Amino acid sequence: MSATAAVHNLWTTAADPIAKIDAPKIEYGQLAPTLIVVGAALVGVLVEAFVPRKSRYYAQMFVSAVALVAAFAAVVALAADGYATTKAGIAAMGAVAVDGPALFLQGTILLTALVGLFTFAERRLDPEAHGNRVDSFAAQAAAVPGSDSEKRAVKAGFTTTEVFPLLLFAVAGMLVFPAANDLLTLFVALEVLSLPLYLLCALARRKRLMSQEAAVKYFLLGAFASAFTLFGIALLYGYAGSMSYATIAQVVDGTVPEITPALADTMGNDALLLIGAGLLVMGLLFKVGAVPFHMWTPDVYQGAPTPVTGFMAAATKVAAFGALLRLLYVVLPGLRWDWRPVMWGVAIVTMLAGAIVAITQTDIKRLLAYSSIAHAGFILAGVIAATPSGISSVLFYLAAYSFVTIGAFAVVTLVRDAGGEATHLSRWAGLGRRSPLVAAVFAVFLLAFAGIPLTSGFAGKFAVFKAAAEGGATPLVVVGVISSAVAAFFYIRVIVLMFFSEPRPEGPTVAVPSPLTTTAIAVGVAVTVVLGVAPQYFLDLAGDAGVFVR
């Protein structure tokens, strides 16, 4: 055979498999919520490039709001069409699940992001600078804090409108994260939601060095957590020979249809499975802020611009708990006896550490950060239940918690002095006499965090603890109730400080917000009260949505 013929023969042999590659089949309708948000984020980038600086703020605000509303409408349409129940299935060639928990969490994330968007767009709280209204974000992110270029940017009235597309990119990652149905999609979604948050944390207009320090801490620790996650994914792939959740679950259970010799070798190696699952769960526990992976939370919550803190505290928890639930209930149900004892330990330490350390805090944002760590522990109690009521209770708790959180941080933005937000607790003394309405609203949020009856916090905690008790985790419920009692102490201490202390003559003022922040706070209060007084409809909704497609 001539050399040319041999090469031609090799080429046709190599080309044959290429001819058999099928075109990907993408269900665009089922992926509509995510696609709308990604599309709007890309439009936001183009707005930054082509729209004149004076008009950018309004253009970005319009694009972001329309996208979030449209995406939420798409989620509702999918749920109404039966994709949350009877038509639930796997889309995008096995990469994304479209089922009850995914749609419920996506709807929660989109509503939370919309309320968060209002706090991002607030421009009436700070006094005008050189005749220009200013928001919570640095005039020019690239300028060195305190430098001449920063002063020139402030004087020229620059604003960092890039925060709007960054918010949308983060939301896009959050929408895919709890719906991911293979490990690669999970990791890509993790990075897409994390990178914009690292940037947003560094953009505070005031206390810029603290803000940048917070972003660097978050980035470095987040990079470590991502590395652990990726290593866990590699080990699980090595164990099961697949990235797909369903296939890994079958290999773990031993129900895989055909076992090749290579798979038989790795299946016998439980070390790959246990270490891989442990590393992957560790990465997700970092995102939810569970002890001992919580060290970034107080510093980042304190340093980031408060609108970003509120959005991040609410939406990231929803997305990360959704991903954790899917991983434990869909991929590793066969490992239940291995992961439950570990999760027991994590939940107990998280509840106690969050509640006890919060007592010592003197900064309101750090106090809310430790409070969020304690809440991660309470939600983990529902995850550990390993029953359908466990899933639905976690879904309800996440929906209730996210609105309380974003409302509480929106109130924090209103209490200000000459240096910006007055976050030291001593500055809040007597606030109830100076501004009774703001103090009363904040008290409602604090009572919801404490789990006082007739607030959404009580309904959520009751659902989670009931599910945990039914799942055989009664000692965990006892620890949870004790932690709640400890936590109630520091929430009520803040209420006492606001209403029963003498106001200081040089105390902070309460800024009058625009309708945007007012709406954010009003939505928070409304959801807190409605879910507390009449939770049954929403509990039923979470119950109907609580079945994972496998």
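User: Happy to be looking at this one with you! Which residue just after α3 takes a positive phi?

Analyst: Good place to start, and keep in mind that this is a predicted model. Just after α3, a positive phi of about 95 degrees is found at G82.

User: How far does α3 reach from its first C-alpha to its last?

Analyst: The helix has 28 residues, and at 1.5 Å a residue the expected span is 40 Å. The reach in the model is close to that, at 41 Å.

User: Turning to the pockets, which helix gives the most to the lining of the largest pocket?

Analyst: The largest pocket has a volume of about 600 Å³. Of its 24 lining residues, F72, F104, T108, F538 and L541 are the closest to the centre. With six residues, the one that gives the most is α4.

User: How do the residues of that lining of the largest pocket divide into nonpolar, polar and charged?

Analyst: Phenylalanines and a leucine are among those closest to the centre, including F72, F104 and L541, along with T108. Across the lining of the largest pocket, the division is 19 nonpolar, four polar and one charged.

User: And how many charged residues are in the lining of the second largest pocket?

Analyst: This pocket has a volume of about 420 Å³ and is lined by 19 residues, with K54, Y58, R123, N132 and R133 nearest its centre. Both α3 and α21 supply at least two residues to this lining, and α3 gives the most, with five. The lining has seven nonpolar residues and five polar ones, and the charged ones number seven.

User: Is T405 buried or exposed?

Analyst: T405 sits in helix α16. Beyond its neighbours within four places in sequence, T405 is in contact with G310, A313, A314 and F449. Its relative accessible area is 1%, and being under the 20% cut-off, T405 therefore counts as buried.

User: Last one: which residues have the most contacts inside the largest nonpolar core?

Analyst: In soluble globular proteins, nonpolar side chains tend to be buried together. Here the largest nonpolar core has 185 residues. To take F177 as an example, and leaving out residues up to four places away in sequence, F177 touches L186, A189, L190, L193, L284, A319, A320 and A323. The residues with the most contacts inside this core are V171, F177, F311 and F442.

Notes: Residues numbered from 1 in each chain as written. Predicted model: local features only at pLDDT ≥ 70, side-chain atom pairs only at ≥ 80, totals over all residues. Heavy atoms only, no water. Core = buried A, V, L, I, M, F, W, Y, C linked by side-chain atoms within 4.5 Å. Buried < 20%, exposed > 50% of the residue type's maximum accessible area, 1.4 Å probe, protein only. Contact = heavy atoms within 4.5 Å. 1 Å grid on protein atoms, 1.4 Å probe; cavity = no way out; pocket = protein on both sides within 12 Å on 5 of 7 lines; lining within 4 Å. Points joined across faces, edges and corners; volume = space filled by probe spheres on them. Helix = DSSP H or I, 4+ residues; strand = E, 2+ residues; numbered from the N terminus. Nonpolar A, V, L, I, M, F, W, Y, C, P; charged D, E, K, R; others polar. Expected span 1.5 Å × (residues − 1).
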